[in-house]
Amino acid sequence: MTFKAWMIAALIAWSGTAVAQPAEDRQITFGKEIFKSKATCQYCHRWDGNGDQGYGGLALSLRKTQLTHDQLIETIRCGRPGTGMPYHDQFSYTDKRCYGSDRAELGDQIPPQAVNFLAPREIAAVVAFLEAHIIGRGPATLEDCVYFWGTETRECDSFRK
Amino acid sequence: MNRLLASTFAGLLATTTAILPARAGDMTYERAVNANSETSNWLLHHKDYAAHRYSALNAINTGNVKDLHVAFAVGLGGTESGGKYAFGDLEGTPIVEDGMMYVTDGWGRVYKIDVTSGTHGTILWKMDPGIDRAWAGDVACCGVNNRGVALWKDKIVSATLDGRLIVMRKDTGEVVSDRQIADPAIGETITLAPLVIRDIAIVGAAGGEFGMRGYIDGTDLNTGKQVWRTYTIPAKGEPGSETWKGDTNPAAHGGGSVWETGTYDPATDTMYWGTGNPGPDYDPEFRPGDNLWTDSVLAMEPATGKVKWAFQYTPNDPFDYDEISEHPLVDAIIHGQPRKLVIHAARNGFFYEFDRTTGQFINGKQYTDNNNWTPGLDPETGKPANYDPKKDVQPYSAEAGRTRAHPVGKTCTAHVGGKNWEPSSYNPDLHLLYVGSIEGCDQITTKEQPKFAADGGTVKPREQFTGGGSRYVEKPVGSLKAIDVLTGEVVAKLAQPYPNYAGTLATGGGLVFTGLIDGKFSAHDAKTLQELWSFNVGTGINAPPISYAVNGKQYVAVLVGSRQAAAIFGAHPELKNTATASMLFVFGL
C-alpha cells in the first residue's frame, strides 16, 4: 500500500468512526422516535414521560416508575388491564401470553388496543430509550427537550425563559 | 346577468332544477347574506349565515340516489406527525365558488382545486402556512385539525393551528397578510374556519384543556389589524366574575374556548357563538360558582364584539360539555307564535330553542338516548332541572356527579356528546334538524387540579389542565336523528354502529348525507332516515359533506381521512387495521 492509499484508507476509517452511531445509541434514537410518533406514547405520558391527565386517561410518570426492564417490556406488550394503557402485541389476549389471561377471562378489564402495534425489536427500543433518558431522572431540562424535539421548533422555548 | 335577474330566472326554473348559472366575482357582504341564492355554490362554511347546511339542489334525489357513484377523487397532504400526534386529520368543509373548490388539510394547507371538468380535480395551487408542527401539535387537545376557509373580496381567509389568520390571493394563493392571534406558548390554537362579516374576520381560540382564557377576536381584513377581542371569561370585577369564586385566577385560565364557526343574522346584525367548557374540565371544586360564560351561547355585535345577551347551558360544568358547535337560525311557529329562533343540539344531550332577539328560552328536550346527569330542563329557565343556584359546586345527579372525595362517576351523555362539533343540517321545508350524534356513557375521574405556577401552584404553561380524565366503560356508538324544530321532538332516528364525527348535509332532493369512521358514506331519506345508498371510501370520515353544481350537474363532496384514538379501537376492534388517508371524494350521477 502506498502512503497515499494508506492515508485515504485511514481517512475513510476515521470518518466512519467519527459519524457512525454506536448500535446502542441507534436503538435509543429508534425508541425515541417510536415513543414520539409511531406509538405516540407521549400522547398520554407527555414527551418527558412525566405522566399527564386528561383526554388519554390518567397516565403515570415514567420518570418515577419502579418497573423493572422485563416489566416495562411486558407492560408495553400487554397493556395494563383495567386502565387506558394499550397493548402493542397484536396477539395479546388471543391466548394466555399476557398475565396468563385471555380476552374471555379479562372481560371488560381488557386494556385498549394500541393505534399501532409494535414488533419486539421496537418494544425493546422504546424500553432502551426510557432507561437511557426517562426513568429515574428528575424534572426535564432544556437539554432533554432539545434531545427529544430538536432545535427547529419553539417547543423548548419555555425552558429558555 | 345581474344577481336580481339571476334570482328571478332561477325561480322560473325551480320546479325542475335549482341549478343556477355560476358567476365570477369578488365575495361581498351582499353575496354572503344571499348565499343561498347561488344554489350551485357553497360559499360559506355552514352554507349560509344561518348554518342550515342545506343545498337546494335536487338533481340527486330519493329516486335516483341509488345510482350515485364516485366522479373523481383528489389526494391531499397533511398527514404528517407533529407534537403529540402521529398524523393530521381532515375535518374541513369545502368551499365551492363557480367550479373552484377551496379545502384545507389538518395542518392548515389551503388547496384550490378546479372541479369544473366533473371527471377529475386539478390542484391549481397550495398555500402552506409552514406551521411549527411540534409546537402547535403538542397543545392541540384533540387532533390536528383545520375546518376550512372563508371567502372575502378576491381573497381567501384561513386560520392555522399555531394561531395565525392568513389572507391569500384567490388566483395564486400568495399570502398578503399573516396576523398572529392565538399563542401556543400559553396553550392556544385555532382550528375553526373564520367567519367573515363585511370586512371583519372573526375567529376564536381553542385550548380549554390547557388552561387558556377563551376569546372571540375580530380582524379588519383591510388593515390586517385587530378591531376587537371579547373574552368569554370576565376579568376580575367585571360582570360575571362573581361566578368564579376562590383564588384560582380564572381571568387567565378559566377556559371557555371557541373552536367552531358562529352564525349570523343580518336582519339584526347579530352573530351567535358557542363557548367551551370551564377549566379545569373535571374538577368543579377548583372553580366554585356558575363559571360564566363557559358552555354558553353569546349573541354579539360583529363590528364591536359587544355581547347583546348570553345563556349558559351547564353551570359549573363537571362533565366537559363544550357548547362550541353551531347555533342555527330558524324562523318557525312555536306554540302558535311566529318565532325567530336560535337553536342548538347541545353536547350535554339536550336540544334548545331560544328567541334569538331576546335570548328568551322557549323550548328544550333531550335528544340523546341516555342521560343521567339531569332529569331534564326547567321549562321556564332552560337550566338543568337539578341545578341549584344556591350551591357553588353543582352535584347534579348521584350517578354522574363527582367530588374530590368521591371522584369517579358514570356520565351519560358522555363527555364527548351528544353532538360534538360536527355540524347539523336543517331542511326548511320539513323543518327538521339532522343531528349526527355520539351515543353512550363514559366514566370520568376527578383529580384535584393544582394551580398554575404563577398562582402559587405547579402547573406550567402548555401543560394539561383538566383536573382528571375520562374513559369509555361501554362501547360508544352513534346515531342520526331528525329533530322537529316545531316541537323539539326527535321524529326519526337511525342507530349507527360508530360515533358520528362527520355531521350532516341536507339537500333539496329529500336526502341527508353523512359519513362514519369505518369509511361508510351514506345517503338517507330526509323524512325517515332510511338508508338509500352508501359507498365505503376505505378510511374514516370525520368531515361534513357539501353539495354543489358545475356545468349544470350536481355533485356531493366530502373530505375523508381519519384514524381514531386507541379507545375507539378498543371498543371497535374490527377497525384496528384501518389507516388514515387524506382525500377529497366527489360523487355524481
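In the predicted model, the largest nonpolar core comprises 189 residues. Those with the most contacts inside this core are A:V126, B:V157, B:A201 and B:I483. Helix α6 of chain A (residues 120-133) gives the most to the core, supplying seven residues. Apart from residues up to four places away in sequence, A:V126 touches A:G31, A:I34, A:F35, A:A39, A:C41 and A:I76. In soluble globular proteins, nonpolar side chains tend to be buried together.

Several of these partners belong to the packing of α2(A) on α6(A). The axes of the two helices, α2(A) and α6(A), come within 7 Å and cross at roughly 100°. From α2(A), the residues A:Q27, A:I28, A:F30, A:G31, A:K32, A:I34 and A:F35 take part, and they meet A:E122, A:A125, A:V126, A:A128, A:F129 and A:A132 of α6(A). By class, the residues of this helix contact are nine nonpolar, two polar and two charged. Within α2(A), the buried residues are A:I28, A:G31, A:K32, A:I34, A:F35 and A:K36. The buried residues of α2(A) pack against α3, α6 and α7 (142-149) of chain A. After α2(A) comes A:T40, with a positive phi near 40°.

Helix α2(A) also takes part in the contact between the chains. This contact draws 23 residues from chain A and 29 residues from chain B. On the side of chain A that touches chain B, α2 (23-38), α3 (42-45) and α8 (157-160) each supply at least two residues. That side of chain A divides into eight nonpolar, 10 polar and five charged residues.

In chain B, four strands form an open sheet with antiparallel pairing, in the order β19-β20-β21-β22. Strands β19 (329-334) and β22 (361-366) of chain B stand at the edges and have a single partner strand each, so one side of each lacks a neighbour in the sheet. On average, and with direction ignored, neighbouring strands of the sheet are turned by 30° against each other. Between the antiparallel strands β20 (residues 337-345) and β21 (residues 350-355) of chain B there are five bridges. B:A345 stands opposite B:F351 of β21(B).

Strand β17 of chain B (residues 296-300) contains B:A299. B:A299 has 24 other C-beta atoms within 10 Å and is therefore buried, the cut-off being 20 or more. Neighbours within four places in sequence aside, B:A299 is in contact with B:T270, B:Y272, B:V307, B:K308, B:W309, B:A310 and B:G359. B:A310 is 11 residues from B:A299 along the chain, and the C-alpha atoms of the two are separated by 6.0 Å.

Most residues other than glycine have a negative phi, and most peptide bonds are trans. Exceptions to both occur in loops of chain B. The peptide bond joining B:G279 and B:P280 is cis, with omega about -5°, and B:P280 lies in the loop between β16 (270-274) and β17. A cis peptide bond also leads from B:G417 to B:G418, with omega near 15°; B:G418 is in the loop between β23 (408-411) and β24 (425-427). A positive phi, near 55°, is found for B:R198, in the loop between β11 (195-197) and β12 (200-204). With 14 other C-beta atoms within 10 Å, B:R198 is partly exposed. For B:N316, phi is positive and near 50°. B:N316 lies in the loop between β18 (307-312) and β19 of chain B, and is buried, with 24 other C-beta atoms within 10 Å.

Definitions and conventions. Residues are numbered from 1 along each chain as its sequence is written. Chains are lettered from A and ligands numbered from 1 in the order in which they are written. This is a predicted model: local features need pLDDT of at least 70, side-chain atom pairs count only at pLDDT 80 or more; totals for chains, interfaces and linings use all residues. Two residues are in contact if their C-beta atoms, placed from the backbone, lie within 7 Å. Ala, Val, Leu, Ile, Met, Phe, Trp, Tyr, Cys and Pro count as nonpolar, Asp, Glu, Lys and Arg as charged, and the others, Gly among them, as polar. A nonpolar core is a set of buried Ala, Val, Leu, Ile, Met, Phe, Trp, Tyr and Cys residues joined through C-beta atoms within 7 Å. A residue is buried if 20 or more other C-beta atoms lie within 10 Å of its own, exposed if 12 or fewer, and partly exposed in between; C-beta atoms are placed from the backbone. Two strands pair if DSSP finds at least two bridges between them. Axes are lines fitted to C-alpha atoms, for helices over the stretch in contact, and angles run from 0 to 180 degrees between N-to-C directions.
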